[in-house]
Amino acid sequence: MAPSLSLVLLIVLLSSPAIYAGHDYRDALRKSIMFFEGQRSGKLPPDQRLRWRRDSALRDGSSAGVDLSGGYYDAGDNVKFGFPMAFTTTMLSWSIIDFGRTMGPELKNAVKAVKWGTDYLLKATAIPGVVFVQVGDAYSDHNCWERPEDMDTLRTVYKIDRAHPGSDVAGETAAALAASSIVFRRRDPAYSRRLLDRATRVFAFANRYRGAYSNSLYHAVCPFYCDFNGYQVRKKQLNRQSNLDELLWGAAWLHKASRKRAYREFIVKNEVILRAGDTINEFGWDNKHAGINVLISKEVLMGKAEYFESFKQNADGFICSILPGVSHPQVQYSRGGLLVKTGGSNMQHVTSLSFLLLAYSNYLSHAKKVVPCGELTASPSLLRQVAKRQVDYILGDNPLGMSYMVGYGRRFPRRIHHRGSSVPSVSAHPARIGCKEGSRYFLSPNPNPNLLVGAVVGGPNVTDAFPDSRPYFVQSEPTTYINAPLVGLLGYFSTHSSWR
């Protein structure tokens, strides 16, 4: 029988001439985790490896009478946004849960990266019925170009509570705490129990006081981290109908962490109400649909949860929607082989969707199953090949021959959109560099003086073109939620480098 057109297109993509050589995935893994040390806020530990960074934002939270020091700056600015930070923590935890055993000596650094996030999330959820979701006025911060060590912009504290709900960010925070409790279950049982107890409390708050944090805190979080996909209102109905995927996401992780029947029942009861099957080829900090379906499907494939069968059907649909040649109209592939989706930094889609492909391929392998996609049968091996092709593109197998990870390979971005990386370090320039004084470094054509090792930038679009220039922030800015899923991918391929 002749292969289908879809299969032919897939073969062409995977044998693209842009595939040049093997990669040192172990080195890339080490650097992808080191990146998180460059994003740290607060008091830095003695074992800090990126030495050009110094302590910063030590008084965060003081204006609200709380300690909110620590955590991560999400990208190239100096604001701490709780929504992407929680998602980053969830994905780092999932990376360790599924692929930690193949990370070798880098596993301990990955666990440290999770704990830097969870220590902060515990602070942010210490008061019952309150979640602190942002530190720093984004408009004030974005009006300046200064390193975090010199920050003098407004460090306004924003929170959600019973009167100002935010089920989306609270649901993601519960997911992060629950997922990380699994990471620490054997490493630190007391800390693990603390994380799980807090996840339970935060989820209960998120579920009881429903609403979108983008509505409660619109002027603070929009347009930066509005939850465009997560919470919608049907205006013609008297009762609000939520599309709050983070509640299902949080319940899924709490079920996995606690095995409590209540969370299973919540998932089954709310699958349709919270529309688990919507936008199945979306996954990122503001849309959890594909992730929910893949995560829950593992139990179905392991023969433990037939009552979740519909989630597996959704997961199969997700797989078919992003495969080259059979993909959904919202998913494209560049001529160089890069997965492309509209909306913001493209590499966030590449790493998060590739992570799901790899995770699902492992679940299918254990169950000895494949995914039917019309005429094409997608085997676990095929899914791994597609995921690996995306990783290799990031590491340099692309038309420009450029690695999109800073510090990896011979050619990589040198002018990334990142304040700390682009302004001289405290050791090189001890005197303070003020808000507007940093503008000359932003506009400079020179390479950044401080190498943010492991940072993966937003990257090219469907044309495979990339402007190595700070003002092009969509392409040149790194984020924590690009790297977090990549840690799991690199952990796997550092041991399983052959396509099989």
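Tutor: Let's start with a word we'll need: a residue is called buried when its relative accessible area is under 20%. Keep in mind that we're looking at a predicted model.

Student: Okay, let me try that on His 417. Is His 417 buried or exposed?

Tutor: His 417 has a relative accessible area of 10%, so it counts as buried. You'll find His 417 in the loop between helix H15 (380-395) and helix H16 (419-422).

Student: Which residues does His 417 touch, leaving out those up to four places away in sequence?

Tutor: Among them are Gly 76, Trp 145, Phe 442 and Glu 477.

Student: What does UniProt list under "active site"?

Tutor: The UniProt record, an unreviewed entry, gives His 417, Asp 468 and Glu 477. Those residues are spread over 61 residues of sequence, yet they cluster in space, with a largest C-alpha distance of 10.1 Å. His 417 and Glu 477 are also included in the lining of the largest pocket. Remember that such annotations may be inferred rather than shown by experiment.

Student: Where is Asp 468, and what does its side chain reach?

Tutor: Asp 468 is in the loop between helix H17 (439-443) and helix H18 (473-476). Its side chain reaches the backbone nitrogen of Arg 414 at 3.0 Å. Leaving out residues up to four places away in sequence, Asp 468 touches Phe 412, Pro 413, Arg 414, Arg 415 and Ile 416.

Student: How do I read a nonpolar core?

Tutor: The general idea is that in soluble globular proteins, nonpolar side chains tend to be buried together. Here, the largest nonpolar core has 150 residues, and Trp 94 and Tyr 360 touch the most other members. Helix H14 (residues 346-367) gives the most to this core, with 12 residues.

Student: Which residues does Trp 94 touch?

Tutor: Setting aside residues up to four places away in sequence, its contacts include Phe 99, Trp 249, Trp 253, Phe 283 and Tyr 363.

Student: Back to helix H14: what about Asn 346?

Tutor: Asn 346 lies in helix H14. With a relative accessible area of 5%, Asn 346 is buried. Gly 458 and Pro 460 are among the residues that Asn 346 touches.

Student: Now the sheet. In what order do its strands come?

Tutor: Three strands form an open sheet in the order S1-S2-S3, with antiparallel pairing. Strand S1 (80-81) and strand S3 (157-161) are at the edges with a single partner strand each, so one side of each has no neighbour in the sheet.

Student: How many bridges join S2 to S3?

Tutor: Five bridges join strand S2 (residues 130-135) to S3. You can pick out opposite residues too: Gln 134 stands opposite Tyr 158, and Val 135 stands opposite Val 157.

Student: Why is S3 called largely enclosed by the rest of the structure?

Tutor: Because four of the five residues of S3 are buried.

Definitions and conventions. Residues are numbered from 1 along each chain as its sequence is written. This is a predicted model: local features need pLDDT of at least 70, side-chain atom pairs count only at pLDDT 80 or more; totals for chains, interfaces and linings use all residues. Side-chain values use heavy atoms; hydrogens and water are left out. On a 1 Å grid over the protein atoms alone, a cavity is a set of points where a 1.4 Å probe fits but cannot get out, and a pocket is an open set with protein on both sides within 12 Å along at least five of seven lines; lining residues have an atom within 4 Å of a point. Helices (H or I, at least four residues) and strands (E, at least two) are DSSP runs, numbered from the N terminus. Buried means under 20% relative accessible area, exposed over 50%, partly exposed in between (1.4 Å probe, protein chains only). Contact means heavy atoms within 4.5 Å. A polar contact is a pair of N or O atoms within 3.5 Å; within protein, one must be able to donate a hydrogen and the other to accept it, and residues adjacent in sequence count only if both atoms are side-chain atoms. A nonpolar core is a set of buried Ala, Val, Leu, Ile, Met, Phe, Trp, Tyr and Cys residues joined through side-chain atoms within 4.5 Å. Two strands pair if DSSP finds at least two bridges between them.
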